[in-house]
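User: Could you help me learn to read a metal site and the fold around it, step by step?

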Amino acid sequence: MAVKITETILRDAHQSLIATRMTTEQMLPIIDKMDKVGYHSVECWGGATFDASLRFLKEDPWERLRKLRAGFKNTKLQMLFRGQNILGYNHYSDDVVEYFVQKSIANGIDIIRIFDCFNDLRNLETAVKAANKEKGHAQIALSYTLGDAYTLDYWKDTARRIEEMGADSLCIKDMAGLLVPYEAEKLVKALKEGTKLPIQLHTHYTSGVASMTYLKAVEAGCDIIDTAISPFSMGTSQPATEVMVETFKGTQYDTGLDQNLLAEIADYFRPMQEEALKTGLLNPKVMGVNIKTLLYQVPGGMLSNLVSQLKEAHAEDKYYQVLEEIPRVRKDFGEPPLVTPSSQIVGTQAVLNVLQGERYKMITKESKKVLGGEFGQTIKPFNPEVQKKAIGDAEPITCRPADKIAPQLAKFEEDIKEWKQQDEDVLSYALFPQVAMEFFKYRQAQQTKVDVNAADTKNQAYPV
Ligand code: CO
């Protein structure tokens, strides 16, 4: 069967390579061509794009989505959604999750890829149900990781449970590039035994094996792969779209995509890549093969965060000590996958453990939340000594964490009523209160400016 392609240039590719800084204006001119390709979907929203739009680009992410929707007339639009964390870093109440899903679909999203950093399926329930209700495609992603608890049977059983939950498809989300080709073959075969759902594979080139992994996965029955148009492919991004299309040409997996059209799209993005290299936004280092990611099982994005944290603390010489501390902290925390937000929490705690010269002398607020069960259940139990240090005699949460969170929407509505210009504003504020408020103020100031200019012109045209 023809393998299908999800193009990531408008979300993960620029998130992974240029810190999510691609603007809507940079995207719009090429959409017409992209819409003619015949992709399975274009991933273009969610993940870090929402935060980055508001924070750095001073853009309304909802407005971006509506513009993309208007341009993509034939192509499904896809977003990445962190379960009960939505696009933020904390758990939110169910009413916020439901409303976010509803508005994402109403503004143009077709496919919502939903994952949880612990693979605690309870944290996906609300989002999946909401997507089903809004007639969106709910894809549940397994956060792929390594460790003795993560057996093929575990993955297979999880796939079965995902199907039962009402997912429309399943994704293997290999954010760190840990999935090597022959393991991918075994994993896809096992998942196919556990579920009838279509299987999509998402990986990163970080460790250099990604295109081989796709080849073996597709041969094993994987239905859809995530790729990025060549100027923003490889390194910490995905394998190149054109390369995978050419690989399968003339075989039973032939994608049928037109290389000439893909070449025109690549030509559009190439100057953007060159410019990013010139300004330093794109660091050539992230384009290479980083084998440390396999040795330490740490995602590429986490490695670069680590370097900057240590730089700030003038402790760059502690890099390898921290790299060795990360798997130990991960173990204490029940061996979760390392993906937003668990990657940041484990990484920061590991840095503290090394810099303080004593493990868990200082425990971050987020680590305390994890060890108190506020992010859900990990595959293995927490280290009881570390847990005791973190939360003392407090009773850890064992139920679905959101069951402990009262509805939040009404209060958020109240907070922003002076600034609200569209229904969606309350969701921007719910996720990033400070950043959204700054954006609302900026937006209003811009509008006042425009009004004043318009008034000036009017006065000039009709002098009194
Ligand atoms: Co990714």
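Analyst: In sequence, the donor residues of the cobalt ion follow the spacing D-x189-H-x1-H, where donors are N, O and S atoms within 2.8 Å of the metal (3.2 Å for Na, K and Ca), and water is not among the atoms, so sites may look incomplete. Aspartate 12 sits in helix α1 (residues 9–17) and histidine 202 in strand β7, so this pair ties together parts that are 190 residues apart in sequence. Helices (H or I, at least four residues) and strands (E, at least two) are DSSP runs, numbered from the N terminus. This is a predicted model, in which local features need pLDDT of at least 70 and side-chain atom pairs count only at pLDDT 80 or more, while totals for chains, interfaces and linings use all residues. Residues are numbered from 1 along each chain as its sequence is written, and side-chain values use heavy atoms, with hydrogens and water left out.

User: Which atoms coordinate the cobalt ion?

Analyst: The cobalt ion is held by OD of Asp12 and by NE2 of both His202 and His204, at 2.1 Å.

User: How do the strands pair, parallel or antiparallel?

Analyst: Strands of a sheet pair through backbone hydrogen bonds, either parallel or antiparallel. Here 8 strands close into a barrel in the order β1-β2-β3-β4-β5-β6-β7-β8, and the pairing is parallel; two strands pair if DSSP finds at least two bridges between them.

User: How many bridges join β6 to β7?

Analyst: Strand β6 (residues 169–174) is joined to β7 (residues 199–203) by 5 bridges, and leucine 201 in β7 is the bridge partner of isoleucine 172.
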